[in-house]
Amino acid sequence: MNIRENIKTLIIEKPLKLDCGQTISKFPLAYETYGKLNENKDNAILVFHALTGDQFVTGVNPITKKDGWWSYAVGPKKSIDTDKYFVICANVIGGCMGSFGPSHKNPETKKIYGTDFPVITINDMVNAQVNLLDFFNIKKLFSVVGGSMGGMQVLQFVSNFPDKAKTAVPIACTSSHSAQNIAFNELGRQAITADHNWMDGKYNSKNTLPDKGLAVARMAAHITYLSKKGLQEKFGRKLQERDDLKFGFDADFQIESYLRYQGSVFVDRFDANSYLYITRAMDYFDLVKQFNGNLSNAFKKTKTKFFIMSFTSDWLYPTQENKDIVIALNAIGANVGFVEIESDKGHDSFLLEVPDFLNALKNFLDKSFLESNDES
Amino acid sequence: MKAEYNFIANIIEKNSTVLDVGCDDGTLMEFLRKNKNVNIRGIEISKEKVQICIAKGLTVIEGNAELDLKQFPKNSFDYVVLGQTLQAFINPEIVIKELLRVGKKAIVTIPNFGNWKVRLDLLFKGTMPITSSLPHEWYNTPNIHMCTIKDFVRFSETINFKIVKSLALINKNISNISKSNIFVKNLFGELGIFLIENK
């Protein structure tokens, strides 16, 4: 991968004991910030990214030269208003946008880790990121926000650090990865490892890339982010730059061409081994089990105000799984609001222009911010 | 703001915890938060209304009182308020029991079907009554279990809960309902307001 001088990196000196048992220290955590931290240092929002996201939340991503993954939601006057809030986002460990991950060199062996990189978890990810609070000298975040895997990190963060966030917004997520979630992730991992060029994860040193496998993984995953209705309306059976079927295996249909394109652009920006590690972290996520079958116990110590959102057409992290979190919070009298947003854009709704979602997010944050200022 | 909100606020003690079931656009919640400094939550079935509540900075969950009250443990709130929606539930008995499980006390308001206007409507027209507070036709009304003030009092005896306070709203005035005046209140009351608790 190319030299990335545009990436801000914090070296975490403090040793971090990972769930797998290994301890890492002096590891890099790449991050980006937007907006200004105010004098009281009480306007910071930590945004957690999803599986294939990175720290470049909004504006132009300096590496991919494309819009940041949450440009609809984050920016001046947007839902997460960078005129008002100081937004921090870090690349998760295990990722491939500068944070400690499998494409890094092992300082001892001087070789790229590949699959020798320790398996990481959602818990490890948030434990790494909490160091950013010390770095910016922030005692308490105004909010922790994230969708999908970002939402899982929100839940884990509040559970680990019950007094470090005033509000929390987990979006379209779950407290425990379902069999179906694991199944789709396994499909992606198998596609990668079945690619001859994967070379047991040592492709970096062999100057090859498992592009085909990673692209297939992305294509399969991409389908799970959309809804049947959304796909049907956008593509239907429309043909790709042709008037008739060609009786072959070229991309006859627009949906085929679309998926191939999604796969091909993904391999330019994402590392195959990171894909293995991050999907594994999601699969291992089970906050219910972590608290012996009672999710409520994860939040017993917190006064954080929650706002949870799900989407009607999201079948990957369906409303019921989001509601289970609401139920667990209500069971202990926690402060929680919930709304299911009407959208036919599937799981991806949280990344797209869905006005009801963007308005609700903005209203919740802005009103809560006013409220917390009144209190202090 | 509805006329009865003031009277509901009068019943609720300051600094208590309140759940507004079917909180609509959050008007009562805002009113109580401002005037009674209560810690208040809401449940509302309509997504649009939930959005309005969020925009007001209220903590509301989208949900159905018949299905979603069960997530709250016993005595989660000092008061649970159910405003003019008891008649819309498939099983009001279960709802009342749930209100009294989740709340230490419940405040239930009912549009009074025993009001003289309703009675006259049926008597003279011979069709299902339509009034300003009950504007629907029989086939599209959400109010499938209408009752009168008298019915509600009898209901308390059959399913065994205690009415601590009962008020009738007549022409924006409030008055106590007692055993001796219930005939009159049931005839003129537009709305019954009941503070109830478990026996």
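Mentor: Let us begin with burial: a residue counts as buried when its relative accessible area is under 20%, and as exposed when that area is over 50%. Please keep in mind throughout that this is a predicted model.

Trainee: What percentage of the 199 residues in chain B do buried residues make up?

Mentor: In chain B, buried residues make up 51% of the 199 residues. For chain A, 57% of its 376 residues count as buried.

Trainee: How many helices and strands does the secondary structure of chain B come to?

Mentor: Chain B has eight helices and eight strands. Its radius of gyration is 16 Å, close to the 16 Å that the globule rule gives for 199 residues, so chain B is as compact as a globular protein of that length. The C-alpha trace of chain B spans about 45 × 35 × 30 Å along its principal axes.

Trainee: How many helices and strands are there in chain A?

Mentor: Chain A contains eleven helices and twelve strands. Here the radius of gyration is 20 Å, close to the 21 Å that the globule rule gives for 376 residues, so chain A is as compact as a globular protein of that length. Along its principal axes, the C-alpha trace of chain A spans about 70 × 50 × 40 Å.

Trainee: How should I read the contacts within each chain?

Mentor: One asks how far apart in sequence the contacting residues are. In chain A, among contacts between residues at least 6 apart in sequence, 70% join residues at least 24 apart. In chain B, residues 24 or more positions apart account for 64% of the contacts with a separation of 6 or more.

Trainee: How many positive and negative side chains does chain B have, and how far apart do the centres of the two sets lie?

Mentor: Chain B has 26 positive and 20 negative side chains, and the centres of the two sets lie 7 Å apart. Chain A has 43 positive and 43 negative charges, whose mean positions are 4 Å apart.

Trainee: How is a pair of aromatic rings described?

Mentor: Such a pair is described by the distance of the centres and the angle of the planes. Over all chains, the count comes to 30 aromatic pairs. One of them joins A:Phe266 and A:Tyr275: the ring centres are 5.9 Å apart and the planes stand at 80°, so the pair is edge-to-face. Both partners are buried, A:Phe266 at 1% relative accessibility and A:Tyr275 at 2%.

Trainee: Which kind of pair do the rings of B:Phe155 and B:Phe161 form, stacked or edge-to-face?

Mentor: The centres of B:Phe155 and B:Phe161 are 5.9 Å apart with the planes at 80°, so this pair is edge-to-face. B:Phe161 counts as buried, at 3% relative accessibility. In chain A, ring pairs also link A:Phe27, A:Phe100, A:Tyr113, A:Phe117 and A:Tyr277 into a cluster.

Trainee: Is A:Ser296 buried or exposed?

Mentor: A:Ser296 has a relative accessible area of 8% and is therefore buried. This serine lies in the loop between α9 (287-290) and β11 (305-311) of chain A. Leaving aside residues up to four places away in sequence, A:Ser296 touches A:Ala328, A:Ala331 and A:Ile332.

Trainee: Is A:Arg237 buried or exposed?

Mentor: A:Arg237, in the loop between α6 (228-234) and α7 (254-269) of chain A, is exposed, with a relative accessible area of 63%. Its C-alpha atom is 45 Å from that of A:Leu29, and these two residues are 208 residues apart in sequence.

Definitions and conventions
Residues are numbered from 1 along each chain as its sequence is written. Chains are lettered from A and ligands numbered from 1 in the order in which they are written. Side-chain values use heavy atoms; hydrogens and water are left out. Helices (H or I, at least four residues) and strands (E, at least two) are DSSP runs, numbered from the N terminus. The radius of gyration is taken over C-alpha atoms; the globule rule is 2.2 Å times the number of residues to the power 0.38. Buried means under 20% relative accessible area, exposed over 50%, partly exposed in between (1.4 Å probe, protein chains only). Contact means heavy atoms within 4.5 Å. Lys and Arg count as positive and Asp and Glu as negative; His and the chain ends are not counted. The place of a charge is taken as NZ of Lys, CZ of Arg, CG of Asp or CD of Glu. Rings of Phe, Tyr and Trp (its six-membered ring) pair if their centres lie within 6.5 Å; planes under 30 degrees apart count as stacked, over 60 as edge-to-face and the rest as tilted.
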